[in-house]
Amino acid sequence: MHEMSIAESLVELIEEEGRSRGFSRVKQIRVKIGALSHVEPDALRFCFDAVSHGTIAGGAHLKLETVAGAGWCSGCGRTVSIAERYDICPECGQGHVRMTAGDELRLAELEVE
Amino acid sequence: MCAICGCENTADEKSRSAAAEPPPPDRNAAGSAHLSVDGHPEHNRHRHSHSHDDQELHVHSHGGDEAIDFGAGLAGIHLPGMSQERIIRLERDILSKNDAFARANRSRLEAAGIFALNLVSSPGSGKTSLLVRAITDLQPRFAIAVIEGDQQTSNDADRIRATGAPAIQINTGKGCHLDAHMVGHALDQLPLAARGVLFIENVGNLVCPAAFDLGEAHKVVVLSVTEGEDKPLKYPGMFAAADLMLLNKADLLPYIDFDMTACVEFARRVNPRIEILTISARTGDGLPAFYRWIEKHAGGAAPLAHAPA
């Protein structure tokens, strides 16, 4: 359940931004999660609700956006979309695909008051 | 008012012109300009400082990775004395705090020439038994210290201390992994010999520790053959993050159905560059190869001066 630590880190980041930029309430939080990352969106949402309570992020709408997995194939040199880290290249069917997208875990945007 | 970002810069037109900005468009255009950055490339590059009535002087940039967009609220403008929702674009890595602690740990360890390994596995794969054996075998050659992570008890640290090596137990409570901040505190307390080897035994868990860099030189995943050959496919994150896989409990291979070839293939499919060694912490088989791997990668760490050749 490392989503709890991730939710805590997210709230910490938001509070830090609030102090440095001078906002005291967050209405919406946009987070990008890679489809192949270590994070389960539902678990993150559950943990976020628990740990954001009583902070400036409390009650904010958490908008989770999935970033599709993509990688570079060492066999054919193409960038292809992948559904698993270990996918065989869908184009050439042989090369190993090195993941280039899909591992993100980023606080993308805040809507604040 | 600055019509570019909507901030209240009416009394400070000169500083704005110094930033070589174009004349302000009408309000509606300013509102939409920020929502569609591409339409106004000249705004994407400027960076200026200005004061707000209610805030200290600050500098902010528009466009790029980090942008404060005061004009993107419902009204599209920002008037003095009126609060307005605003959009702040950040693109900050959520684990950036952990990563910063990890970088600090890494520089500290590298500066002292300490070679740190983060051992990860399921509970019961034999990490502690492996460490007890490895410490006993390696102590004549390296100064060794251990950080033990478990949710509860100091049993593992007690087992390590019995070898004579200093060990710090971190109890994570409900936490399912060690993080770089915890390890930083442990480094403060642990008597670390310069140019030694530090083993960090993570909480037994094949999922969560994969995401948390501790500042180690390498993650080493221990997989016992009794767990089944398909673990790399079931928990790809961990095997992708590791540089070395130790297949432990090899002495049990005659008694179980474990497909070694398949396991190696699965691990390489997830992580083509992973190195793999087969060992038995109980019998000691295969451990010399692990010790050679440590010596080869230890870089800054060096065998003790009095060590036999």
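Two strands count as paired if DSSP finds at least two bridges between them. Helices (H or I, at least four residues) and strands (E, at least two) are DSSP runs, numbered from the N terminus. Everything below comes from a predicted model, in which local features need pLDDT of at least 70, side-chain atom pairs count only at pLDDT 80 or more, and totals for chains, interfaces and linings use all residues. Residues are numbered from 1 along each chain as its sequence is written, while chains are lettered from A and ligands numbered from 1 in the order in which they are written.

**View 1. An open sheet in chain A has three antiparallel strands in the order S4-S3-S5.** At its edges stand strand S4 (79-81) and strand S5 (97-101) of chain A; each has a single partner strand, so one side of each is left without a neighbour in the sheet. Direction ignored, neighbouring strands are turned by 40° against each other on average. Look along the antiparallel pair of strand S3 (residues 70-73) and S4(A), and you will find three bridges. Here Trp72(A) has Thr79(A) of S4(A) opposite.

**View 2. Helices H1 and H2 of chain A cross at roughly 50°, their axes coming within 8 Å.** Axes are lines fitted to C-alpha atoms, for helices over the stretch in contact, and angles run from 0 to 180 degrees between N-to-C directions. Residues in the contact include Met4(A), Ile6(A) and Leu10(A) from H1(A), with Leu44(A), Phe48(A) and Val51(A) from H2(A). Two residues are in contact if their C-beta atoms, placed from the backbone, lie within 7 Å. By class, this helix contact has ten nonpolar, one polar and two charged residues. Ala, Val, Leu, Ile, Met, Phe, Trp, Tyr, Cys and Pro count as nonpolar, Asp, Glu, Lys and Arg as charged, and the others, Gly among them, as polar.

**View 3. Chains A and B meet through 26 residues from chain A and 30 residues from chain B.** On the side of chain A that touches chain B, helix H1 (3-21) and strand S6 (105-112) each supply at least two residues. That side divides into ten nonpolar, six polar and ten charged residues.

**View 4. Strand S6(A) runs antiparallel to strand S4 (residues 86-93) of chain B, joined by six bridges.** Within this pairing, Leu107(A) faces Arg92(B), which stands opposite in S4(B).
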